[in-house]
Amino acid sequence: MDGLREGVVGAWREMRAARPLVLCITNRVTPQRLADVLLAAGASPVMADNPREVAQMAAIAGGILLNTGLHETQPASLAAAAEAIAALGKPAVLDPVGAGATAYRSDEIAALLGRARFAAIRGNASEIRALAGTGGGARGVDSADESDAARGAAVGLARDRGCVVAVSGERDLVTDGERVVRVGGGHEWLTRITGAGCALGGLTAACAAASDPWSGTLAAHAAFALAAGRAAARATGPGTLSVLLLDELAALEAEDLLGADLAKEAVAGAA
Amino acid sequence: MDGLREGVVGAWREMRAARPLVLCITNRVTPQRLADVLLAAGASPVMADNPREVAQMAAIAGGILLNTGLHETQPASLAAAAEAIAALGKPAVLDPVGAGATAYRSDEIAALLGRARFAAIRGNASEIRALAGTGGGARGVDSADESDAARGAAVGLARDRGCVVAVSGERDLVTDGERVVRVGGGHEWLTRITGAGCALGGLTAACAAASDPWSGTLAAHAAFALAAGRAAARATGPGTLSVLLLDELAALEAEDLLGADLAKEAVAGAA
Amino acid sequence: MDGLREGVVGAWREMRAARPLVLCITNRVTPQRLADVLLAAGASPVMADNPREVAQMAAIAGGILLNTGLHETQPASLAAAAEAIAALGKPAVLDPVGAGATAYRSDEIAALLGRARFAAIRGNASEIRALAGTGGGARGVDSADESDAARGAAVGLARDRGCVVAVSGERDLVTDGERVVRVGGGHEWLTRITGAGCALGGLTAACAAASDPWSGTLAAHAAFALAAGRAAARATGPGTLSVLLLDELAALEAEDLLGADLAKEAVAGAA
């Protein structure tokens, strides 16, 4: 077993053992799917986003997810959570939904990046490019670019922010600025399910909370892709896939991740 | 192939090819189901309803759905979207959820009708009757009347507003004030699924955005009913129906709509 | 047939016949699942929580559910609904989500208990203990205690408030302060589904609205557990369980509840 798979297997095992409480400050569209994925995988979601209790919730949480739905009252929740992340040093994941789509969205996300340090940032190609300043604007919130096009942006963003960056695509890309790993094995139907990316962001927060940002992000992406592939083999479309994905995540054991589709890539300019 | 089915088949094909971005200003109960249906069908939903970015989102959207959940912050979102619809002339669908149920709701919906012109209005019988001024009040948000009882109201509303009106029922009714078409083939279990009507409203916006209001509204209703009928044949109740509906929508090809259950009806007073 | 099962069978039959309109003032995470469960079971949910129409909605509702998600705008909705409950005397159920988790949450829930009398209170063990003043704080919103540990708290709370109290656990506990009944037959996967407890709270409101708090609460818990057990027998994990649960609830007839797993327990100090 190489070191890469060893870390992934260990991170999933630790997440299962710790059952981390993950505070999710998220959008209003997919909170149920996000929570279902976390519960099925073995983590414990709490979605309390009222600024009056965010700090107290953050204090008891093992990990934190910020997903920028940006509905009317969410900016205050996100700001309170970012402040708690900075004060408590909790492992946190940023899912910058729709970055680059509107000026308002870009400004709010930039403000979050200024307020707290994140363990990982997870987005689609156009969102990661927008954060790195190399994007051309998103088409809504689903990806208009492939993860290949965002490779340079992801590596640069990881170096600039000192965090792990993950880009969803046909093959996901995970980098810490020095290493790049591709994660394969998902299914095209995942792009036809609302909140698949949001759920992956939450799973990343759960795994990073229980291990470390690099192994945790890889484990979350490998587990999600493996479970999705198994679900797709039993599904007849995106609807059944979304349901069977939960069953497969619940059944996924650490050893199963030895079969994950992981591939290292060389990185120019790496130390 | 008669002209009716020709239009329906063409509208579905165009929606699939265009993959229209549909801005949904909707309620807080069923946004995930609505987005899942749009994604499965082949459209691209964006649910960003913060008034600070609604205009910019509307500008990049192909179609717009206004669904009047009327939670505390939604009236401002709806007003911003209605303003954008009027300014940009984008094809928009109004789903007047709960029209007639409370005075507050009736007033807000009347205000929306005053602010923008809609390509189509889709509701259940009691909602359409309330909009036409002939209703007796809704019982919550599920239909207390059959679509037959709303036939006159629907035709009158379509003429008054110069738009297509669709009424959900055992057999849906679609009219532009001159023509009336009945769409059959759904399933009783659809009435036991939250947000089935909301999803149909979104699909109407997607199809109308890609073709025209008349063919688009018919295509959305025909596709939804056909997919629901196929899903029901494999389902064991409303839960499995709601999931398999997504699979069937994803699998539905334009040619399949040649088998849609469409029936023209004579209209008194038509030109 | 003993009196206990007779009451349960009758309450389910009455709920099915009445199809009660249940006004749900609930959280932003699981409203769709809650509404799906109510619709599948045969009730009629309305989720309108805007304070501007809560009183009017409450007036036409048969029963009311207050679920304390406590998102930013919900306290005003809850207060308006509590006022309507007190004024109209409608049967209402309180689901004190996260009671004891934060000071803010405890204060808001205590305020609700001061504003209106509830027919039933339903929660997990740590929530019920927090309400009874015997808890040690919740771990997020999923239960950190077993229902056994909350038995004394539940009986005491029922006596103090003059209402039925239900505690979810491996075997649910239902008490009115004089009687205690255990309801078995659910499945461990229910703890891996978001909103299972929320849905049970809604079902309790529906059944209590159609019969009486004691029989209604028992019927809701017995029906939910029976349907979940049947669903689990066909499911492959929590995802399919959540979907098949809806099918089984829709198919559940009153006579099926003769097979419910109900057991009376002796109560110390009962009259």
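In the predicted model, Arg33(C) forms a salt bridge with Asp36(A), and their closest N and O atoms lie 2.9 Å apart. This pair spans two chains, A and C. Across the interface of chain A and chain C, 3 salt bridges are found. Polar contacts between chain A and chain C number 17 residue pairs, counted with both residues at pLDDT 80 or more.

The side of chain A that touches chain C draws on several elements. At least two residues each come from α2 (31-41), β2 (44-46), α3 (54-60) and α10 (238-251) of chain A. Of these, α2(A) gives the most, with 7 residues. By class, this side of chain A has 19 nonpolar, 8 polar and 8 charged residues.

The extent of this interface can be stated in two ways. In terms of residues, 35 from chain A are in contact with 27 from chain C. In terms of area, chain A and chain C bury about 2500 Å² between them. Carbon and sulfur atoms carry 50% of that area. Within chain A, the most area is lost to chain C by Gln32(A), Leu39(A) and Asp247(A). Together, these residues make up 22% of what that side buries.

The arrangement of the chains comes next. Two copies of a chain are related by a rotation about an axis and a shift along it. Chain A can be laid on chain C by a turn of 120° and a shift of 0.0 Å along the axis. The RMSD of this superposition is 0.0 Å. In chain A, the C-alpha nearest the axis belongs to Arg28(A), and its distance from the axis is 4.0 Å. The copies use different surfaces, as 11% of the contact residues of chain A recur in chain C.

The interface of chain C and chain B is described in the same terms. The contact takes 35 residues from chain C and 27 from chain B. The size of an interface is often given as the accessible area lost when the parts come together. For chain C and chain B, about 2500 Å² is buried between them. Of this area, 50% is on carbon and sulfur atoms.

Charged and polar pairs also link chain C to chain B. The interface of chain C and chain B holds 3 salt bridges. Asp49(C) forms a salt bridge with Arg28(B), with the closest N and O atoms 3.0 Å apart. Between chain C and chain B, 18 residue pairs are in polar contact, both residues being at pLDDT 80 or more. On the side of chain C that touches chain B, two or more residues are given by each of α2 (31-41), β2 (44-46), α3 (51-60) and α10 (238-251) of chain C. The largest share, 7 residues, comes from α2(C). The residues of this side of chain C divide into 19 nonpolar, 8 polar and 8 charged.

Note on methods. Residues numbered from 1 in each chain as written. Chains lettered and ligands numbered in written order. Predicted model: local features only at pLDDT ≥ 70, side-chain atom pairs only at ≥ 80, totals over all residues. Heavy atoms only, no water. Least-squares fit on C-alpha atoms with pLDDT ≥ 70 in both. Contact = heavy atoms within 4.5 Å. Buried area = accessible area lost by both parts, 1.4 Å probe. Salt bridge = Lys/Arg side-chain N within 4 Å of Asp/Glu carboxyl O. Polar contact = N/O pair within 3.5 Å; in protein donor to acceptor, adjacent residues only side chain to side chain. Helix = DSSP H or I, 4+ residues; strand = E, 2+ residues; numbered from the N terminus. Nonpolar A, V, L, I, M, F, W, Y, C, P; charged D, E, K, R; others polar.
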